[in-house]
Amino acid sequence: MSGIWNDWLTYHDRLLSGLWTSVRLTFMALLLGLPAGLMLAVGASSRHRILRSGVILLIEVGRGTPALVVLQIVYNGIPVTLTAFICASIALSLTTAAYTSEILRGGIQAVPSGEIEAGHALGMSRFHVLRDVVIPQGVRIAIPPLMSFCILVFQATSLAFIIAVPELTSQAKSIANNTFHYLNLFLIAGALYAVITISASVLTERVEKALHHPAR
């Protein structure tokens, strides 16, 4: 234990810097991926068969391609020079969009049909019913699973070490390569991941309870 504590005291600045990079990468992936996922969810729920089929195919390709492969495709395949952080943000956003689209589509489909019929009865157009009735309620229904998925996105940022993003796993590996304290450094990294993940899980549980049992 003393060895782990000494490594933490010596390298905590770099490890915390890596953790902050992981958090920023998570934020960027969600900032770009969630709106894209919502658009895909709306497209996958469309009444137009060709549009719906095309969007569903795109979603399935996105869900079926491992995030690590998407990282490599974006980093090595885009014909413009981008930083590793931006490439990782784009790649994780694409994966996020594909997976959250299914979560959001489930939320949209769970909106009671009576709400939709009431909107039409009030003279609202199909677009306004979608914008003002279906999407707000569908997103609210999808919030708990979306929050759970956010935790997975945070954990997936560890894959970005493969393209040299200085996130937490990358920093731990870099330090361990110099000190050969692989066990100590990855135990510390795992503990830091766990602190964020457990905190987010507790928050998710509380939000889910609040949504299911709103205050009166």
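User: What is the accessible surface of the protein, and what share belongs to carbon and sulfur atoms?

Analyst: The model is predicted. Its accessible surface comes to about 12300 Å². Carbon and sulfur atoms hold 67% of that. As for cover, 36% of the 216 residues count as buried.

User: Which pattern does the protein follow along the sequence?

Analyst: Read the secondary structure in order. The pattern is α-α-α-α-α-α-α-α. That is eight helices and zero strands. The C-alpha trace spans about 70 × 50 × 20 Å along its principal axes.

User: How do I read a helix pair? At what angle do the axes of H5 and H6 cross?

Analyst: Take the axes, then the handedness, then the residues. H5 covers residues 113-121 and H6 covers residues 126-156. Their axes come within 10 Å and cross at roughly 150°. The crossing is right-handed. From H5, Glu-115, Ile-116, Gly-119 and His-120 take part. They meet Arg-126, Val-129, Val-133, Val-134 and Gln-137 of H6.

User: Is Thr-197 buried or exposed?

Analyst: Buried means under 20% relative accessible area. Thr-197 has 14% relative accessibility, so this residue counts as buried. Thr-197 sits in helix H8, residues 182-212. Leaving aside neighbours within four places in sequence, Thr-197 is in contact with Ile-151, Phe-154 and Gln-155.

User: What share of contacts joins residues at least 24 apart?

Analyst: Count contacts between residues at least 6 apart in sequence. Of these, 76% join residues at least 24 apart.

Definitions and conventions. Residues are numbered from 1 along each chain as its sequence is written. This is a predicted model: local features need pLDDT of at least 70, side-chain atom pairs count only at pLDDT 80 or more; totals for chains, interfaces and linings use all residues. Side-chain values use heavy atoms; hydrogens and water are left out. Axes are lines fitted to C-alpha atoms, for helices over the stretch in contact, and angles run from 0 to 180 degrees between N-to-C directions. Helices (H or I, at least four residues) and strands (E, at least two) are DSSP runs, numbered from the N terminus. A crossing is left-handed if the near helix is turned anticlockwise from the far one by less than a right angle, and right-handed if clockwise. Contact means heavy atoms within 4.5 Å. Buried means under 20% relative accessible area, exposed over 50%, partly exposed in between (1.4 Å probe, protein chains only). Accessible areas come from the Shrake-Rupley method with a 1.4 Å probe; for residues, only the protein chains shown count as cover.
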